Structure formats: structure tokens, C-alpha cells
Amino acid sequence: MMKQKAERLLVFGFVGTLFLFALFFFILPRERFSELENRYLQASPHLTWDNLMSKKYAEEAESFVTDHFPFRDEWLWIKSTVEQFRLQQENNGIYKGKDEYLLEKFLEPDYTKIQQYTEAVNLFASNQPQVDMTFMLVPTSIGLYPERLPWLAPSYPQKKVNQFIEDQLLNEITFMNGFQFLEPHATDPIYYRTDHHWTTYGAYLAYVAYAEQKGWDPLSKKDFQIQTVSNSFLGSYHTRSQFNGILPDTIEAYIPREPTHTEMYIADTNETMTGMYDASFLAKKDQYSYFLGGVHALMKLTTELDSRQIEQDKLLILKDSYAHSMIPFLTRHVPEIHVIDIRYYNGSITEYLTKNEINDVLFLFNTSTLVSDSALLKLNY
């Protein structure tokens, strides 16, 4: 009799817990952005016949439930704490590496999907023969520093991925491999230790390489006042891993000694900003959004340049967030820069080029984002 009561109590407790979590799932407010994981969460899936047949709806529904599971942040913190007590060197896909570096796990990607992405870029370029296109692909910190991984931690060489993509792209597209201009400076602070982005210095090196490829005269470091704007940056790798005892990064801003005025129009919110830096983010978790005010689908930066400074009239940048700390350097040469984050922009890129009479395009992505996101397939919509 006591055994039956205990079993009933266990069943009712289990069912009641499931009911409570289901109730919380439906009544708790939905968050669009996760401060803990520093990423946008899965939006409500769209039920269409095509999505249903392609299994996209099922995948989006699963991601939606996972991303909005009640008290998700607290569960992630508990998981991280328990695994640190077990002396585990990896949590939520982040390794605790040497020299105080946190490194994101990178395994062999799906080359079939990568080929689909490069074919989309090639088709886009073939349909715009009058447009000069450059594709810059930058490794993440694990790509440049595999020796900083914990002992026996698995990792796939990002060099192989970059080389594969270079081999797939048309010759008409200028490919810039980030390894070539970053490796000579590998002992310098090119990447944040706690975040997936490069530092402002890493972005400066990319700017110099791009400027030289375009035949411009890049500004030297002496042309900037380098200011430390934060000493408390704990980035996306830290928020995902929740490792304790990690020293924060510093964030630097390169301020030209000869200032120019740049206005930044954000189409998402129909706002015009009078600068490229938003200091309010330095008091938040996502301090990297200090650059350009974070992720936006479409922006237009207009800079008042002397005619002697202008290298070309217009530039369209198709990018991920690595571009945010590099774009301010480019405003010293191009008075009108259009910026599209193709992950969130749903308009026609071809129509945008034609409407705005743009003849130069820069693709700027990091290797990890490129292989894990299918946004490039939207190029030819």
C-alpha cells in the first residue's frame, strides 16, 4: 500500500512538474536576445507547406522550445558550475585554454553545405559583372591558436576550410584569407580572450590588408589616438561557458587624430546616429556593441571627407559582426558605406545594388559563422 502511494506521488509530481514548465513556457515573456549567450534567440517558427516538407519547421520549432525553455539561463549556470566542480575544461562548446584564452569548439563542417554557399556567391558575382567583389574570410581565435587548446581537445583546422572556400570561388572574386595578414602578428592581441570577435587591433590589421589590396594608402597607427574604453569586458565565450576566475578583456577605440564627421542611419529603427560608437553598451553585458551600436540588418554610414581623402564613392559590405570594429577605419576612405547583415536582411541584394548605384562589394565573415549559417543562400533572392 505504501509502495503504491509512493509511486502515485512520484507520477503526480512528475506530471505536475511537466504541467508547470508547460505553463511557464506559455505565460513567461519571450526574449529576443539572450544576454547570457550573447545571441538572438529563435523566433516563432512559420508553418508553411514548404517549411513542413523540408523539415525546416520542425528544426525551427525544436530550436524555439530550446531557446525559450523556462529559466534557461539559470539551468545553464547550474550546468556550468557542476561541470567546473568536475574539473571539466569544456562547457557549452567553449574550452578553457592556455594563456587565459577561451576557445570555441570547431569540428569538421559539412562541406556540401559550404559548397552551396560558395555557389551562391559565385552566382551572385556572375550576375553582377560590373561590380568589383572582395571576399575576406577571417579565422576565429581557435583557428589561429590551436596550440592553446587543452590537451587532447578535438579541433578541425580552419585553414583547410578557408582554402576550400578560396578554391571554390570564381577568379573574378578577390579572396582575402585572414590567416595571411593575421599570422605574422599572432603574438599580438589580435583576439579577445573571452569573446568570439577580434580586437580593434585585429580589425586594424584587416583594414590595412584590404586598403593595400584596393591600392589605397592606409592610415598608420600613429594617425590614431588609441583609447582604452573598457577594462571589464567579459565576452560571449565567457557568457556561454560561465568559467570562474577569468580576467576581463580591454576594449580599445582608434580615434583619428584628424577627425571627420560620420552619420550612421539605421534602417531597422529609422534612426540617425551622429557617430559610430555607442558608449551606453559599455555599461551592459554586450560591450562589443559599442561598435556601431550592435547588430542591424541595414545601415548607411555617410562621412564628410575632403576630396583628396576619397578613394571610391560607395561601398556595400555584406558581413557578420566582425565588420563592426573594422568599418570605422573604412570611413576614412569611402564617404558612403552601406552595411547589410544578410542574416537579418530579407530584401533583394541585387536590387539594392542597382538602386544605390554601388559597384564595390566587400564580403566580411569569420570562418565559424560562415560554415554554420545558411544566410548566403539569400544572395540571389
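1. Start with helix α9. This helix is mostly covered, with 13 of its 15 residues buried. The model is a predicted one, and every value below is computed from it. α9 covers residues 200-214. Its length can be checked: at 1.5 Å a residue, 15 residues should span 21 Å, and the end C-alpha atoms of α9 are 21 Å apart, so the two values agree. After the helix comes G215, with a positive phi near 85°.

2. What does α9 lie across? It lies across β6 (132-138), β7, β13 and β15 (360-366). Against β6, the helix runs at about 155°.

3. Those strands belong to an open sheet. Eight strands form this sheet, in the order β7-β6-β15-β13-β14-β12-β10-β11, and the pairing is mixed. In general, strands of a sheet pair through backbone hydrogen bonds, and they do so either parallel or antiparallel. Trace the order on the model from β7 to β11.

4. Look at the edges next. β7 (174-177) and β11 (271-273) each have a single partner strand, so one side of each is left without a neighbour in the sheet. Neighbouring strands here are turned by 20° against each other on average, direction ignored.

5. β13 (residues 314-319) and β14 (residues 336-340) run parallel and are joined by five bridges. Which residue of β14 stands opposite L316? The residue is H338.

6. Now the core. The largest nonpolar core has 94 residues. Those touching the most other members are F135, M136, Y191, W198, M326, L330 and F363. α9 supplies the largest share of this core, 10 residues. In soluble globular proteins, nonpolar side chains tend to be buried together.

7. Leaving out residues up to four places away in sequence, W198 touches V138, I190, Y191, Y192, A203, A206, Y288, Y322, S325, M326 and L364. There is also a second, separate core of five residues, which includes I94, L102, Y237 and I246.

8. Is Y145 buried or exposed? Its relative accessibility is 1%, and buried means under 20%, so Y145 counts as buried. Yet Y145 sits in a loop, between α6 (141-144) and α7 (158-168). Beyond residues up to four places away in sequence, Y145 touches Y101, L103, A186, D188, I190 and Y191. Take A186: 41 residues separate it from Y145 in sequence, while the C-alpha atoms of the two are 8.2 Å apart.

9. A further open sheet has three strands, in the order β3-β4-β5, with antiparallel pairing. Its edge strands are β3 (90-91) and β5 (102-104), and each pairs on one side only. Two bridges join β3 to β4 (residues 94-96) in the antiparallel sense. N91 has I94 of β4 as its bridge partner. I94 is also in the second core.

10. Finally, the whole chain. It has 13 helices and 15 strands. Of its 381 residues, 49% are buried. Among contacts with a separation of 6 or more, 72% join residues 24 or more positions apart. The accessible surface comes to about 19700 Å², and carbon and sulfur atoms hold 55% of it.

Key
Residues are numbered from 1 along each chain as its sequence is written. This is a predicted model: local features need pLDDT of at least 70, side-chain atom pairs count only at pLDDT 80 or more; totals for chains, interfaces and linings use all residues. Side-chain values use heavy atoms; hydrogens and water are left out. Helices (H or I, at least four residues) and strands (E, at least two) are DSSP runs, numbered from the N terminus. Buried means under 20% relative accessible area, exposed over 50%, partly exposed in between (1.4 Å probe, protein chains only). Contact means heavy atoms within 4.5 Å. Accessible areas come from the Shrake-Rupley method with a 1.4 Å probe; for residues, only the protein chains shown count as cover. A nonpolar core is a set of buried Ala, Val, Leu, Ile, Met, Phe, Trp, Tyr and Cys residues joined through side-chain atoms within 4.5 Å. Two strands pair if DSSP finds at least two bridges between them. Axes are lines fitted to C-alpha atoms, for helices over the stretch in contact, and angles run from 0 to 180 degrees between N-to-C directions. The expected span of a helix is 1.5 Å times one less than its number of residues.
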